[in-house]
Amino acid sequence: MANILENLRYSKDHEWVAVDGEKATIGITDYAQHSLGDVVYVELPKVGDKLAAHDAFGSVESVKAVSEIFTPISGEVLEVNESLNDAPEVVNNDSYGDAWMIKIKMDNTLEADALLSSAEYEEYLSNNE
Amino acid sequence: MEDLKKTPLNRVHRELGGRMVDFGGWDMPVQYSGVIAEHLRTREHSGLFDVSHMGEFWVEGEDAIEFVNRLTTNDVAKLVDGQAQYSALTRENGTVVDDLLVYRFDQGKLLLVVNASTTEKDWDWITSHLKDENITLTNVSADYCQIAVQGKDALEIVRKLTETNLDEIKYYHFTVGKVDGVDAIISRTGYTGEDGFEVYANKDYAEQLWNKFLEVGKFGDENGILPCGLAARNTLRLESAMSLYGHEISDEITPLEANLGWICKLNKGEFSGREALQKQKESGLKRKLVGFEMKDRGIARDDFDVYINDKKVGFVTSGSPAPFLKKNIGLAFVPNEFANIGQEIKIDVRGKHLAAEIVPTPFYKREK
């Protein structure tokens with residue numbers, strides 16, 4: 001069973017969002033990293049890029065496949081996790097921690113409220129298995 | 001999922017936590033512990049592969065060699081008893097119906113081992129080409145299991161289970177013997193670029209043999225054997241630049257284009273596709289299969305386009321990260337004039353043209 005953290009919000013594309021005021025940190029879930037398998041490459045946007053909700057902002061590649069990552073919320077990229085360039089395997093080992101991908105300044109904090117809670121995400125996963 | 005075909009090891013794969021996928025109509029494990037771990041363990045120690053989905057046909061009778069020689073590119077007449085040969089079934093136009101192994105048991109008995117997803121197509125192709133030759137063809141694909149033990153430690157692992165003198169079996173040779181008391185064909189072949197064996201036996205003994213290989217291979221120990229899925233099988237063969245049917249060779253590609261001139265014996269006598277291949281050889285190839293290594297960060301995948309001087313000139317047949325070499329590599333078709341070591345090419349990776357360079361193949365070669 002995939003690990004799900006209680007204090008995060010989730011998208012149906014298997015991204016997680018941690019909200020801190022107007023700032024949101026985004027990464028991919030444990031379920032997503034597990035489905036992908038060994039991650040070997042992460043491509044991320046640039047600081048200053050403006051993202052609209054549901055835009056693909058980058059991609060995660062495993063040995064076998066490539067998967068786009070979508071931002072569930074709109075905003076401007078404040079930080080990207082450069083360390084994933086050299087250590088993409090962290091996505092497999094610590095998807096909710098050191099493998100955060102981007103931090104954005106949200107255009108509209110209501111978008112984050114509309115995302116799935118941990119309980120809803122858990123239910124979503126169990127219905128999809 | 002109900003329609004998928006299953007090998008006799010299906011239950012075992014599930015018990016081992018294999019992630020099952022639909023592979024050409026077969027329910028097969030794509031990985032167990034992880035493709036990188038499986039790949040590296042096979043390179044450094046040993047890996048265990050279920051390849052029971054592959055097809056096996058017996059060709060028996062006094063015209064067996066003549067018949068198979070008429071349908072395949074390599075020269076079956078050159079085989080001695082106990083020897084195996086890599087070859088291709090080709091159409092009249094020279095393109096490939098399938099690649100296969102031809103095993104010679106004796107002058108009147110050959111075993112053909114073909115790809116899983118093409119087994120029916122191959123069987124139809126072969127049987128429809130039977131003329132008045134005195135042979136019997138038997139499709140035993142469903143009766144056999146095939147288990148591959150690959151890697152440096154494979155020899156010692158198989159040795160623990162057989163009295164057959166394995167040192168006498170040279171690469172691309174085989175013998176009939178007992179493995180863990182089970183009648184088996186023990187073949188020193190593989191698809192990983194490593195030394196190793198492919199063991200064929202009655203499917204009823206598949207679980208026994210599989211579990212025994214895991215046991216004597218010390219599965220669970222730090223350097224013990226690891227069950228490997230199709231993903232590792234693919235990256236291992238790609239590092240060794242071995243062809244995969246439907247990628248480097250296909251209904252639209254000839255063996256000459258895919259660097260398989262060494263299995264095309266154009267002077268052996270008539271065979272299906274000989275004339276077309278001879279003509280292609282004389283007029284010169286228009287395109288050639290090359291190996292490349294990504295220079296820019298990014299991964300080339302199957303079917304991505306290849307550009308030179310902003311012009312689309314070819315396509316990637318297989319592209320992947322190479323877990324042992326720790327590079328992103330691939331095979332691609334490019335026009336003959338650009339098929340030179342050191343030539344820079346661009347790969348269209350989702351709209352971005354990333355730099356790559358043509359390099360010698362195989363990418364990986366084991367030390368002997």
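Modeller: Four bridges join strand β15 (residues 305–308) of chain B to β16(B), and the two strands run antiparallel. Two strands are said to pair if DSSP finds at least two bridges between them. Helices (H or I, at least four residues) and strands (E, at least two) are DSSP runs, numbered from the N terminus. This is a predicted model, in which local features need pLDDT of at least 70 and side-chain atom pairs count only at pLDDT 80 or more, while totals for chains, interfaces and linings use all residues. Residues are numbered from 1 along each chain as its sequence is written, chains are lettered from A and ligands numbered from 1 in the order in which they are written, and side-chain values use heavy atoms, with hydrogens and water left out.

In general, strands of a sheet pair through backbone hydrogen bonds, either parallel or antiparallel. Strand β16 (residues 311–322) of chain B is largely enclosed by the rest of the structure, because nine of its twelve residues are buried. Buried means under 20% relative accessible area, exposed over 50%, and partly exposed in between (1.4 Å probe, protein chains only).

Elsewhere in chain B, salt bridges join separate elements. A salt bridge is a side-chain nitrogen of Lys or Arg within 4 Å of a carboxyl oxygen of Asp or Glu. The structure holds 29 of them over all chains. One is formed by B:Asp27 and B:Arg14, whose closest N and O atoms are 2.7 Å apart. B:Asp27 lies in strand β2 (residues 26–31) of chain B and B:Arg14 in helix α1 (residues 10–15) of chain B, 13 residues apart. B:Asp27 counts as buried at 2% relative accessibility, whereas B:Arg14, with a relative accessible area of 44%, is partly exposed.

Another salt bridge joins B:Arg43 and B:Glu194, with 2.8 Å between the closest N and O atoms. B:Arg43 belongs to helix α2 (residues 35–44) of chain B and B:Glu194 to the loop between β11 (182–187) and β12 (196–202) of chain B, so the pair ties together parts that are 151 residues apart in sequence. Both B:Arg43 and B:Glu194 are buried.

B:Arg287 and B:Glu257 also meet through their side chains in a salt bridge (3.0 Å, N to O). B:Arg287 is in strand β14 (residues 287–294) of chain B, and B:Glu257 is in the loop between α7 (230–239) and α8 (274–283) of chain B, 30 residues apart. B:Arg287 is partly exposed at 23% relative accessible area, while B:Glu257 is buried at 8%.

Finally, chain B meets chain A. The contact (heavy atoms within 4.5 Å) takes 16 residues from chain A and 18 residues from chain B. The area buried between the chains is about 1300 Å², of which carbon and sulfur atoms give 48%. Buried area is the accessible area (1.4 Å probe) that two parts lose on being put together, summed over both. Three salt bridges are found across this interface. A:Glu43 forms a salt bridge with B:Lys352, the closest N and O atoms being 2.5 Å apart. On the side of chain A that touches chain B, the elements that give two or more residues are α1 (30–36), β4 (39–43) and β6 (56–62) of chain A. The largest share, four residues, comes from β4(A).
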